[in-house]
Amino acid sequence: MGHLQKTLHTVIVPTASRYSWDELFQARELLYAFVLRSWKVRYKQTVIGAAWAIIQPVALMVVFSVFFGLLMRVPSGDLPYPVFVYCGLLVWQFFAKALADTSNSVVSNSAIVTKIYFPRLLLPVSAAVAALPELLFSFVALAGLMLYYQIVPGWEMLLVPLFVAVALVVAFGVGAMLGAVYVLYRDIAQLLPFLTQLWMFMTPIIYPASLVPEAFRWLYQLNPMVLVVEGARWAFAGSPPPNQTTVILGLAMSVVFLYIGIRIFQNLEPYFSETI
Amino acid sequence: MNSQENALPRDGGTGMPDVAVRVSGVSKIYSLGQQNVQRRFTDVLAGILLPRFLRADRDRRSAEAALDRENWIYALNGIDLKIMRGEVVGIIGPNGAGKSTLLKILTRITPPTAGRIDIHGRVGALLEVGSGFHPELTGRENVLLNGMMIGMTRATVRERMDEIVSFAQVEKFIDTPVKWYSSGMFMRLAFSVAAHLDAEIMLVDEVLAVGDIGFQQKCLQRIRQIASDGRTVLFVSHNMDSIRRFCDWVAVIQDGAVTWSGDVESCIRYYEEVCRDQYDEEGPAEL
């Protein structure tokens, strides 16, 4: 410690303080630590481990294909129903996982929150990021499915990360908001599974968005997951791309969710350790 | 007796007279009752989510409630401290005097209600250890993750891994999940990680000297080492021998305020008197 360097100056005052640059820089390491921890812990004491990430969406795909595709004959455009529904399920499952983990991130780390200081926003950020590997695993089953139906993906495939990013932003925004509120209101634990289920039915996963009456379409498109699912389906399997309104409203709403989420989280953050 | 003047700054012979920590008029008020904790939280939410005309009424009620002094508990009441770089300062005081609250505010775990603190340098804490440990992870994994959580870089932890492990004397078990550790092994490893943090300003609570006599001695030795290599140290302890051994000067905290500060011996005498008085008043009858 002998060499001269500019010493860090920290000011502690009653109002919510903003993160300093130094802290954010240091936070990269911490982000890595949190993400690494949740990966390492996730499949401890399981027999089939990461295979769960494939089994869950595949099982849902089979059930949905039988009931909605085969029996109810839900239209799926030019795509075979299993491919249609799996493209949607894939990104949806990722979104739902990221949303659940992000919403839980503060309360489930209460031992750390009450003992160690760090920019608390790292908790939802790392929870959202840590959900990504499972998405990669579920691509494996999609590849098999597309091989079976002989669907060749086009250049649009390169845009998949873009739609995943939108899903990540929405999951993080909503999750940060719910996660902060969860610190005081444990109702969130009850609300979350229910909300996720409702949201799933308001997203064109088991049915195409074209079934929604024209008059309500704009309302429907306010759900940014419409953009994500339609986009992913287009990028993977070449179904019609999401239209302009879907893209604009979807992107706008994801920015809104992100903004509100961060704002609520940062304003409540100073009270976490006392309230939790 | 309520002498709240700043302690005499002594630079501990380091020749660096700069201020490391300046605490000015810091208070922490807790409002009694669950409702108050909830109100503050919901006020913030309402402030973001509700338009002004809808929350005018609740804002007024909250302001009234906040002014209801009957419910106030002063955990800290106007603390002033000036600690120069390189000084080792002892903080002593009876249980519930506010020592832990002060440390929690200095580590930014909880915000003060009033006042301001200026800290020049990186703060490391040796207060409560092991809270970031995950039972399913091995000792090595926990050292890496916990080290990063308390402020070390990945490279630093890797570099000190062997040192940390051998200090904790858990070499044989370092690749075993910590849920299978004995509580002694767990505490030793947890202490060891925190004790190898290299911050310019260290907050140390001596309660942490854990384990059997042998390891306690090691912990104290480590604390002494931290105290003697020119770092600024805030040392909280109930052990007057350690205070005498490590500290340049002492601040006595009582009922949330610094009631005496300065020379080590005079502070210890004062503190012992305070404690004696306290037990004379209410002591034997209750024991």
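1. Ground rules. This is a predicted model, in which local features need pLDDT of at least 70 and side-chain atom pairs count only at pLDDT 80 or more, while totals for chains, interfaces and linings use all residues. Residues are numbered from 1 along each chain as its sequence is written, chains are lettered from A and ligands numbered from 1 in the order in which they are written, and side-chain values use heavy atoms, with hydrogens and water left out.

2. Chain B overall. You'll find nine helices and nine strands in chain B; these are DSSP runs numbered from the N terminus, helices being H or I with at least four residues and strands E with at least two. Of the 287 residues in chain B, 53% are buried (under 20% relative accessible area; exposed is over 50%, partly exposed in between, with a 1.4 Å probe and protein chains only). Take the contacts (heavy atoms within 4.5 Å) in chain B with a separation of 6 or more: 75% of them come from residues 24 or more positions apart.

3. Where A meets B. Chain A brings 47 residues to the contact and chain B brings 52. Together they bury about 4,700 Å², with 64% of it on carbon and sulfur atoms (buried area is the accessible area, 1.4 Å probe, that two parts lose on being put together, summed over both). Look for Phe41(B), Arg108(B) and Met149(B): this trio supplies 18% of the area chain B buries against chain A, more than any other three residues.

4. The order is S1(A)-S4(B)-S1(B)-S2(B), an open sheet of four strands with antiparallel pairing (two strands pair if DSSP finds at least two bridges between them). At the edges, pairing on one side only, sit S1 (9-12) of chain A and S2 (72-84) of chain B. Further in, S1 of chain B (residues 19-31) is joined to S2(B) by nine bridges, and Lys28(B) stands opposite Leu76(B) in S2(B).

5. Helix H7 of chain B. This helix covers residues 213-228, 16 residues in all, and spans 22 Å from first C-alpha to last, close to the 22 Å expected at 1.5 Å a residue. Its buried residues are Phe215(B), Cys219(B), Leu220(B), Arg222(B), Ile223(B), Ile226(B) and Ala227(B). Seen down the axis of H7(B), they fall within an arc of 155° and so line one face of the helix (the arc is that of the directions from the helix axis to the C-beta atoms). On the other side, Ile213(B) and Ser228(B) are exposed. Just after the helix, Gly230(B) has a positive phi of about 85°.

How values were computed:
Expected span 1.5 Å × (residues − 1).
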